[in-house]
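Hello,

Here is the structure I promised to pass on to you. Please open it alongside this message, and my notes follow below.

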Amino acid sequence: MTLKDKLAAQQIYMLLGALFITSLVVSNLIFQKFFYWYPLDIEIFGSKLFIVSVGILPYPITFLITDLISEIYGKKRANQVVVAGIFASLFSVLIVYVADVVPAVSNSPINDTVFSHVFGRTILAVGASMTAYLFAQFIDIQIYHFWKRFTKGKHLWLRNNFSTFLSQFVDTFAVVFLLCFFEVLPWNMFQGLLISGFLFKVLIAVCDTPFLYLGVYLFKKRFNLKTDEELHLL
């Protein structure tokens, strides 16, 4: 590769990392709002499919990005993005904490009570998310590269979905369990939210497979990569 190609690959890696970190941090900030989508009139443990947190919406993007980085840049670079995401999330908690502690003026559009109600539980959310995130992302990367080695770089759909399904279950279970344990959510919502959240993420994972194929195709065409070849950054 020429120096120009390596610089381009480095810039794309940074942009993917920025998108990954943004999705992760935002999912931790907006988690308290729940929405419903009823493709089928089915109830599971008293919860209809699907009642899920809006924090789930940007979160699957992080798994798509780590799979893309794993495929193109390798396991080491994918792990680096995960670590950067942890740091960014913890730093965002510090900012939210300071903002919560600082007293609002009397004519502030958002007073202390409202701000604390919306953002006060962010620390618990990030703690739960980070615990789940550590396990889920590293599991995803490990399984992804296992299937990549096993299939000798073929069957992209298999390693994308098999790695994501297990890691998403670990992530969903850990997040819902910890939020219920710290009484952010009631225990009677545990089973319903666990199943709804996991099935929703599985559905999103299946839907994002064509986007992974498109991303890998564009990378391989742009940088003339072979089937199992990876980009090496500066």
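**What I found**

Asparagine 224 is found in the segment after helix H7 (190-223). Please keep in mind as you read that this is a predicted model. The phi angle of asparagine 224 is near 55°, a positive value in a residue other than glycine. With a relative accessibility of 64%, asparagine 224 counts as exposed, because the cut-off for that class is over 50%.

Histidine 155 is another residue to look at for its backbone. Its phi is also near 55°, again positive in a residue that is not glycine. Histidine 155 sits in the loop between H5 and helix H6 (156-181), and at 46% relative accessibility it counts as partly exposed.

**Salt bridges**

How many salt bridges does the structure hold? There are three.

One of them joins the side chains of aspartate 5 and arginine 222, at 2.9 Å from N to O. This pair links distant parts of the chain, with aspartate 5 in helix H1 and arginine 222 in helix H7, 217 residues apart. Arginine 222 is partly exposed, at a relative accessible area of 40%.

Another is formed by arginine 159 and glutamate 71, whose closest N and O atoms are 3.0 Å apart. Arginine 159 belongs to helix H6 and glutamate 71 to helix H2, so the pair ties together parts that lie 88 residues apart in sequence. Are these two partners buried or exposed? Arginine 159 has a relative accessible area of 1% and is buried. Glutamate 71, at 2%, counts as buried too.

Lysine 148 and glutamate 230 also form a salt bridge, and here the closest N and O atoms are 3.2 Å apart. This pair again links distant parts of the chain: lysine 148 is in helix H5 and glutamate 230 in the segment after H7, 82 residues apart. Lysine 148 is buried, with a relative accessible area of 4%, whereas glutamate 230 is partly exposed, at 25%.

Helix H3 covers residues 75-101. Its 27 residues, at 1.5 Å a residue, should span 39 Å, and the end C-alpha atoms are 40 Å apart, so the two values agree.

Part of H3 is buried, including Ala78, Asn79, Val81, Val82, Gly85, Ile86, Ala88 and Ser89. Further along the helix, Ser92, Val93 and Val96 are buried as well.

H3 gives the most to the patch, with seven residues. Leucine 94 is in H3, and its relative accessibility of 47% makes it partly exposed.

Leaving aside neighbours within four places in sequence, isoleucine 123 is in contact with Val93 and Tyr97. The C-alpha atoms of isoleucine 123 and leucine 57 are separated by 20 Å, and these residues are 66 places apart along the chain.

**Threonine 66**

Threonine 66 is found in helix H2 (residues 59-72). With a relative accessible area of 0%, threonine 66 is buried, because that class takes in values under 20%. A polar atom of its side chain lies 3.0 Å from the backbone oxygen of phenylalanine 63. Not counting residues up to four places away in sequence, threonine 66 touches Phe20, Ala78, Val82, Gln137 and Asp140. Among these contacts of threonine 66, Ala78 and Val82 are buried residues of H3.

**Lysine 6**

At 29% relative accessibility, lysine 6 counts as partly exposed. The C-alpha atoms of lysine 6 and asparagine 188 are separated by 52 Å, and the two residues are 182 places apart along the chain.

Happy to go through any of this with you.

Best wishes

Definitions and conventions. Residues are numbered from 1 along each chain as its sequence is written. This is a predicted model: local features need pLDDT of at least 70, side-chain atom pairs count only at pLDDT 80 or more; totals for chains, interfaces and linings use all residues. Side-chain values use heavy atoms; hydrogens and water are left out. Helices (H or I, at least four residues) and strands (E, at least two) are DSSP runs, numbered from the N terminus. The expected span of a helix is 1.5 Å times one less than its number of residues. Buried means under 20% relative accessible area, exposed over 50%, partly exposed in between (1.4 Å probe, protein chains only). A polar contact is a pair of N or O atoms within 3.5 Å; within protein, one must be able to donate a hydrogen and the other to accept it, and residues adjacent in sequence count only if both atoms are side-chain atoms. Contact means heavy atoms within 4.5 Å. A salt bridge is a side-chain nitrogen of Lys or Arg within 4 Å of a carboxyl oxygen of Asp or Glu.
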